[in-house]
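Here is a short briefing on one protein model. Keep the sequence and the 3D view open while reading.

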Amino acid sequence: MANQKKSRDMQGFVVGTILVLVLALGIYGVVSQFTSQNDTTEKIYSIDYKGQPFLGKENAPVKIMEFGDFKCPVCKQFHDTIMPQLKKDYIDTGKVSFYFTNTQVIGPDSLTAGEVGEAVFKQNPQAFWKYYDAVYKNQGNENVQWATPTFLVNLIKKNVPEVDANKVEQDLQKKTYEKQTLADNDKFNATGIGGVPTIMVNGKYIENGLSYADIKAAIEKELKTK
């Protein structure tokens with residue numbers, strides 16, 4: 001009788017152990033599947049395109065947002081190396097609309113350059129892109145406060161004849177667009193991303209914004225879903 005009891009106890013122990021293992025494996029499988037699904041889900045940031053300068057067709061299937069600082073040398077690199085190809089392949093062909101939101105990361109005169117950009121945009125939305133090009137082409141040392149009102153107003157006089165440079169100077173003196181420029185910076189800070197240029201393709205962050213191959217792959221992926 002004692003041996004039978006020991007046998008039954010042993011069988012109960014074995015069965016119980018098996019059940020615990022099965023249950024544990026089942027929970028692990030569910031958790032692993034859930035984690036795997038979350039890992040493959042791309043985060044989509046909420047991007048406010050309204051009232052921002054843009055190139056291309058407004059109703060293009062893919063929207064790209066650049067958060068950039070006119071004083072940022074890496075932003076200049078994006079402008080010089082990525083933007084021309086992007087414009088040729090996707091913006092001019094109607095597949096992409098390209099937007100810009102000014103941020104103030106480098107120094108106090110980053111705000112000045114942003115305010116001037118807002119003033120230019122309000123006078124002539126398309127002329128903004130001449131300003132965008134002129135600032136990056138004439139960008140100074142990031143450690144020097146070169147983006148002064150005098151420098152930027154003269155830059156407009158030489159490169160953006162469609163805009164009244166004297167009106168821009170008055171807007172700077174009155175700080176007409178300071179709040180609006182700072183508000184754009186808040187939009188960038190809300191993403192939680194620390195560096196510029198920050199490139200978003202339909203709200204999806206491109207880890208390497210200086211890789212045309214990565215940006216192109218993201219655009220093509222979005223185009224396939226449209």
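**Overall picture**

The accessible surface of the protein comes to about 12700 Å², and carbon and sulfur atoms hold 56% of that area. The model is predicted. Of its 226 residues, 42% count as buried.

**Fold**

- The protein has eight helices and five strands.
- Along the sequence, these follow the pattern α-β-β-α-β-α-α-α-α-α-β-β-α.
- Among contacts with a separation of 6 or more, 78% join residues 24 or more positions apart.

**Helix α7**

- Helix α7 covers residues 178-189, twelve in total. From first C-alpha to last it reaches 17 Å, close to the 16 Å expected at 1.5 Å a residue.
- T181, D184, N185 and F188 are the buried residues to look for in α7. They lie on the same side of the helix, because they cover an arc of only 100° around its axis.
- D184 is buried because its relative accessible area is 3%, under the 20% cut-off. K187 is partly exposed at 26%.

**F70**

- F70 sits in the loop between β2 and α2 (73-91).
- Its relative accessibility is 0%, so F70 counts as buried.
- Beyond its neighbours within four places in sequence, F70 is in contact with several aromatic residues, including F100, F128, Y131, Y132, Y136 and W146. Other contacts of F70 include N102, A113, G114, V135 and Q139.
- The C-alpha atoms of F70 and G140 are 9.9 Å apart, although 70 residues separate them along the chain.

**Salt bridges**

- The protein has a count of twelve salt bridges.
- E162 and K130 pair through their side chains at 2.6 Å, N to O. E162 lies in the loop between α5 (149-159) and α6 (165-174), and K130 in helix α4 (residues 128-137), so the pair ties together parts 32 residues apart in sequence.
- Both partners count as partly exposed: E162 has 39% relative accessibility, and K130 has 37%.
- K87 and D92 also meet in a salt bridge, at 3.0 Å, N to O. K87 is partly exposed at 33%, whereas D92 is exposed at 51%.
- A network of salt bridges links E42, K204, K221 and E222.

Notes: Residues numbered from 1 in each chain as written. Predicted model: local features only at pLDDT ≥ 70, side-chain atom pairs only at ≥ 80, totals over all residues. Heavy atoms only, no water. Helix = DSSP H or I, 4+ residues; strand = E, 2+ residues; numbered from the N terminus. Expected span 1.5 Å × (residues − 1). Buried < 20%, exposed > 50% of the residue type's maximum accessible area, 1.4 Å probe, protein only. Arc of directions from axis to C-beta. Contact = heavy atoms within 4.5 Å. Areas by Shrake-Rupley, 256 points an atom, 1.4 Å probe, with all protein chains shown as cover. Salt bridge = Lys/Arg side-chain N within 4 Å of Asp/Glu carboxyl O.
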